[in-house]
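Walk through this structure one feature at a time. Keep the sequence beside you as you read.

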There are 2 protein chains.
Amino acid sequence: VTTPEERAAAREEQLEQLRACVAERAAERAGDCLAGLHPSDVADLVEDLEEEERPWVIASLPPARAAEVLAEIEPDRAPERLIEPLPPDRGAAILARMADDDAADLLGPLSAEARERIVASLPSTRARTLLSLLRYDEESAGGIMTTELVALAAGLNAGEAIEELRRQAHDQHEPFYSVFVTEDGGRLAGIVGLRDLVLAAPEVPLRELAEEPPATVPPELDQEEVARQLRQYRLPDVPVVSAEGLLLGRVTWDDAMEVVEEEQTEDVLRLSGTDPDEQVRGGWGHAVRTRLPWLLVNLATGALAALIVYLFENTIDQLVVLAAIMPVIAGLGGNAGTQSLAVTIRRLAMEGGLRTGRAQVALKELLVGLANGAAVGLVIGVVGLLWQGDMTFGLVVLAAMWGNLVVASLAGALVPIVLDRIGADPAVASAVFVTTFTDIAGFFLLLGLATAVLL
Amino acid sequence: VTTPEERAAAREEQLEQLRACVAERAAERAGDCLAGLHPSDVADLVEDLEEEERPWVIASLPPARAAEVLAEIEPDRAPERLIEPLPPDRGAAILARMADDDAADLLGPLSAEARERIVASLPSTRARTLLSLLRYDEESAGGIMTTELVALAAGLNAGEAIEELRRQAHDQHEPFYSVFVTEDGGRLAGIVGLRDLVLAAPEVPLRELAEEPPATVPPELDQEEVARQLRQYRLPDVPVVSAEGLLLGRVTWDDAMEVVEEEQTEDVLRLSGTDPDEQVRGGWGHAVRTRLPWLLVNLATGALAALIVYLFENTIDQLVVLAAIMPVIAGLGGNAGTQSLAVTIRRLAMEGGLRTGRAQVALKELLVGLANGAAVGLVIGVVGLLWQGDMTFGLVVLAAMWGNLVVASLAGALVPIVLDRIGADPAVASAVFVTTFTDIAGFFLLLGLATAVLL
């Protein structure tokens, strides 16, 4: 057991060695210093090289090893750019050694010409499979499935099935956890876990061992929903089945876990008012392009809040202390709004839509807003009273804070529910809407009440 | 393939039927209307019942079925409260039929007396296993591992291994994907994938088939890091090994996926300034208790920002239009700060700490702040110039916005990096720190510059 610091130091050293090899174009030594490392660790090292250093490492590895490493390079590091500069036959040799879903992910982002060059060098069945996978939306079940699976005829018995398994398994690159039992030329009839097959007596027919799969997914299903099904039924893989009942492929748990991570990043970024496509490890130019549009949207909604303040310029002129209270009331409203927003968005994400009534969620947030608004309002009201020595001033501050926290709680729940209801992503722009609401409500309540009763 | 609406309607109907059965205490009909449903779907229905209706459903199911359902009830719905009211021998009968990690999760939150009553009714080996699992921190590898695994002596050959597998597998409740090869009474010598075992010739010794596991984890390792290892090496399960090399158990991919979801919820809640322990589907009283403390923290930091404004009361008095500009500059700073914060926190979470240099991340955010600050500053500067017809006013507004966006970008990156560096969770309270920074910097820059050059 090494400490995180020791591991980081070892990594740093490996990276330095690799950099030195790249600098000298020393392919043999590069192979040496990467030997014994898991492909996934090699991929991490390659990711940390400068962009122009990476292709050489892939080019210097034997095709089988290059295939393993490429499959592990994160999509945000553009692994396709590592295969593009290779001679087409070498690119094809690498793709032929990858699981078909990983290979299709590499082909997808290439230019049409680059893709055709490589596909032309592939064996024709492989080429057909990859092109068929590319037809599906990349965020659908079809887009993340592999066609590599073990499908066995229902008429076999367990002993024959294991024989047949041996034959089918040898050209597979993906691990498998269950065998799919088919009838009538490709219709899915059931599944048998690998464990049950191993444990069964050899003469038992597959038809008897087969169980109805707890879930099957159509190829068009959104990847997030696919991941939810795998998690719900704890399935290491789920069959993808066409409308006619034909077995098209399967989605494995590791791809589902990647989807969960990807969606998680998107939700966090959206909630924080930035673009979900921002690459977490991208450069500063990329970050400017993805973040600036959202800042400009916020500038426009901020102008609305500024307008409210401007309309009450006269009130502030007469009672300047209001200018110091304003940001506190707007800030607390923003905080309460994002609290309610975050909880509602997680609820929508985990359940795949609201399972309980919308009215119930709204009622809960109304009560939370009333309770927290009263508590925070009381604190700031008493501070206001003591500070200005004026009961009415204290009450105005209390009422503005209370009202704004009720608006905030409700808006935080209703904005994502409405977005979800109309089919939009509940996380997108929710934060901007909600803080705009709370800024406007906060300023309007404070300055309006002050104008009405204090002047 | 049914539409989401059809599924929701079918669910609603099942729930109504179940409610009717609960109301009439009609155990047989409840069994009927739940028959044919996957345990995970039954668990979802039970979760949606009122809290007082739930125990009866579990009590009315046969122990094996109750065990399957209880294992699927989410921790936030307190499944332990469903087993607590049962007679101890019935509780024990259910626990005996669960995977040991799930059973330990149920025992953990019970009162000492309730736990002892149930444990006393369990077979003694089972009781010992469960009590040993409870010794580990519940968010560590030991806390989420199962001791159910297939461990085989390295001296067996593949054929003997499958025979032995048949014997060991029959009392297991967890699926298994690989067999663990041990030597010297319990030391882990390697792993063999179930697939490789099936495909091997019967006379090959296990010692030859065994591969070094890409990862093993110590029982104390944080669950988040365990999940990262499973994902990194695409392992369906990872062995948990003591400092002496003894095989203690394994963590399976489905538990790792739950960890990822759990941590995701925590991060989103923390980033939104609420408590990570808030139950997303909890009641309003619970939400008030978890959210109010954070609002009060924000009230305190907001008071700091208010103090800055108050110090410049005189300036605002002379130029009231500043009161309308203030929230725009603070708001944009908050937005830019949370953008940078969200990206940095996701980066830390995905890589398990920063892989590239801290200075590099800070430099990136500095450049982003300079670029976006210049762009947004220019827009608001021109608006200010046109509005007030005063070039100096426009420049003050531009400079304040620009400066605040630089502070925001840097703070958004540095606050979580520093928290991570000192061993704290980078997401906790980051948002409150960052917005406090940007509020104070924004107000100070705008009002300070205005005081210096406009009055």
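Predicted model: local features only at pLDDT ≥ 70, side-chain atom pairs only at ≥ 80, totals over all residues.

Which residues line the second largest cavity? They are B:Ile83, B:Glu84, B:Leu86, B:Pro87, B:Pro88, B:Gly91, B:Ala114, B:Arg117 and B:Ile118. Two elements give two or more residues each to this lining: helix H7 (88–95) and helix H9 (112–120) of chain B. H9(B) supplies the largest share, three residues. By class, the lining has six nonpolar residues, one polar and two charged.

Now turn to the largest cavity. About 960 Å³ of space lies inside it. Its lining takes in 47 residues. Nearest its centre lie A:Gly331, A:Gly334, A:Thr435, B:Gly334 and B:Thr435. Helices H16, H17, H19 and H22 of chain A each give two or more residues to the lining, and so do H16, H17, H19 and H22 of chain B. The lining of the largest cavity divides into 22 nonpolar, 23 polar and two charged residues. In total, the model has four cavities of 30 Å³ or more.

H16 of chain B also has a helix partner. H15(B), residues 223–232, packs against H16(B), residues 253–271, at an angle of about 125°. Their axes are 9 Å apart. The contact residues comprise six nonpolar, one polar and three charged.

Notes. Residues numbered from 1 in each chain as written. Chains lettered and ligands numbered in written order. Heavy atoms only, no water. Axes fitted to C-alpha atoms, helices over the stretch in contact; angles between N-to-C directions. Helix = DSSP H or I, 4+ residues; strand = E, 2+ residues; numbered from the N terminus. Nonpolar A, V, L, I, M, F, W, Y, C, P; charged D, E, K, R; others polar. 1 Å grid on protein atoms, 1.4 Å probe; cavity = no way out; pocket = protein on both sides within 12 Å on 5 of 7 lines; lining within 4 Å. Points joined across faces, edges and corners; volume = space filled by probe spheres on them.
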